[in-house]
Every structure is written in C-alpha cells, then in structure tokens.
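Subject: A structure for you to explore

Hi there,

Here is the structure I promised to pass on to you. Have a look around first, and then read my notes below.

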Amino acid sequence: MKEQQVLYKLTAMCSQAEHCSQEMLDKMKKWDIPEDVQARVMQYLTQEKFIDDERYCRFFVKDKIKYNKWGRRKVEQALYMKHIPSSISGPILDEIPAEDYLEVLRPLLKSKRKTVKAATEYERNMKLIKFALGRGFSMDIIKDCIDDATEIYES
C-alpha cells in the first residue's frame, strides 16, 4: 500500500469517528507499513487535527461513564490500554465531579439489588460492593451509594 493510500484511508476513518494515535499506529502495523511512513502519516494526522489524543480522551471518558456506566478506575484502565498518557487522562478525569459517578452508580445498584440473592443484608451489600468495584467505581463512592440504599430500605 502506498503512503498516499494509507493517508487517504486513515483520514477517512478519522473524519467519521474519534480515534487515538495508538489505534492508527496499530492499523498501520497491521497493514505492514514501514516505520518511516508511519511517522510521516502520524505527523500529518496530528498536525491537521485528524487525531488529537486529548480530544479523544474527553469523548471517551464521557461516553464510558454515561453509556457504559463505568467508574473512574475502569476508564483509567481502558485509556491505559489505548496508550493515552496519564498526563492527558489524569486532568480530564479529575474534571469529572464525584456527583456524576454517584448519578451513574445509584440506579445501577438499585436495579442490581433486586436481583442479588443473599441471606443477610451484609452479604447483599458485599455482593453489591464487588459488583461496583468490577465496574471501576472507587470505594468511597460505593460506600455513599450503599449507605443511601440501606437507609431507604430500612425506613
């Protein structure tokens, strides 16, 4: 594949959806593109703003929290897997208030609570905590939601 063809394909992909640098590099490696060509293509894509890892990170974080109902830890892991540096992802994740995570986790735990089978309230809470940790939520946010739910069910 010629350099111009690679450039055309990748610019078309980036025009349709947000992509990070690593995704583009992976594509070119899969196509067996020489490293010097990869470097020139990546330079063009970043200069012309087809790829912007910070912009990608902002969209990724918002989408994963809102639609996938992930917590901060799981989002951080996914960004790490996409080779987004923590210098980019850290400040973006810090902008998200804890209330946003609570708004996502409360309904999740409320619906999960109905399906969890447990002999005691303690056992049910432990299962809910394990579920929420698996979704990437931090223990302090989980504790707030569990405490809120327990107060509702006890009254």
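This is a predicted model: local features need pLDDT of at least 70, side-chain atom pairs count only at pLDDT 80 or more; totals for chains, interfaces and linings use all residues.

**Two helix pairs**

Now try helix 1 (residues 3-16) and helix 3, whose axes cross at roughly 40 degrees and come within 10 Å. Helix 1 and helix 3 are therefore oblique to each other, and their crossing is right-handed. On the helix 1 side, the contact is made by Glu-3, Val-6, Leu-7, Leu-10 and Thr-11. Helix 3 brings Val-37, Arg-40, Val-41, Tyr-44 and Leu-45 to this contact.

At what angle do helix 4 and helix 6 pack? The angle between helix 4 (residues 53-66) and helix 6 (residues 86-95) is about 40 degrees, and their axes are 10 Å apart. That makes helix 4 oblique to helix 6. The crossing of these two, helix 4 and helix 6, is right-handed. Asp-53, Glu-54, Cys-57, Arg-58 and Val-61 make the contact from helix 4, while helix 6 uses Ile-88, Ser-89, Ile-92, Leu-93 and Glu-95.

**A buried leucine**

Next, find Leu-79 in helix 5 (residues 72-81). Is Leu-79 buried or exposed? Its relative accessible area is 1%, so Leu-79 is buried. Setting aside neighbours within four places in sequence, Leu-79 is in contact with Cys-57, Phe-60, Val-61, Ile-84, Ser-89 and Leu-93. As for Ile-65, it is 14 residues from Leu-79 in sequence and 13 Å away in space, C-alpha to C-alpha.

For a contrast, turn to Lys-62, which is in helix 4. Lys-62 counts as exposed because its relative accessibility is 54%. Between Lys-62 and Asp-26 there are 24 Å in space, C-alpha to C-alpha, and the two are 36 residues apart in sequence.

**Rings and charges**

A pair of aromatic rings is described by the distance of the centres and the angle of the planes. How many aromatic pairs does the model have? The count comes to three. One of them is Tyr-101 with Phe-137, an edge-to-face pair with 6.5 Å from centre to centre and 85 degrees between the planes. This pair links distant parts of the chain, 36 residues apart: Tyr-101 is in helix 7 (residues 98-115), and Phe-137 is in the loop between helix 8 (121-134) and helix 9 (139-154). Both Tyr-101 and Phe-137 are buried.

Two lysines are also worth a look. Lys-9 lies over the face of Trp-31, 5.2 Å from the ring centre. Lys-64 has its charged end over the ring of Trp-70, at 5.0 Å from the centre.

**Two residues with a positive phi**

Most residues other than glycine have a negative phi. Asp-32 is not a glycine, yet its phi is positive, about 60 degrees. You will find Asp-32 in the loop between helix 2 (21-30) and helix 3 (35-47). With a relative accessible area of 68%, Asp-32 is exposed.

Lys-69 is not a glycine either, and has a positive phi of about 60 degrees. Lys-69 is in the loop between helix 4 and helix 5, and its 35% relative accessibility makes it partly exposed.

Happy exploring!

Conventions: Residues are numbered from 1 along each chain as its sequence is written. Side-chain values use heavy atoms; hydrogens and water are left out. Rings of Phe, Tyr and Trp (its six-membered ring) pair if their centres lie within 6.5 Å; planes under 30 degrees apart count as stacked, over 60 as edge-to-face and the rest as tilted. Helices (H or I, at least four residues) and strands (E, at least two) are DSSP runs, numbered from the N terminus. Buried means under 20% relative accessible area, exposed over 50%, partly exposed in between (1.4 Å probe, protein chains only). A charge sits over a ring if NZ of Lys or CZ of Arg is within 6 Å of the ring centre and within 35 degrees of the ring normal. Contact means heavy atoms within 4.5 Å. Axes are lines fitted to C-alpha atoms, for helices over the stretch in contact, and angles run from 0 to 180 degrees between N-to-C directions. Angles under 35 degrees count as roughly parallel, over 145 as roughly antiparallel, 65 to 115 as roughly perpendicular and the rest as oblique. A crossing is left-handed if the near helix is turned anticlockwise from the far one by less than a right angle, and right-handed if clockwise.
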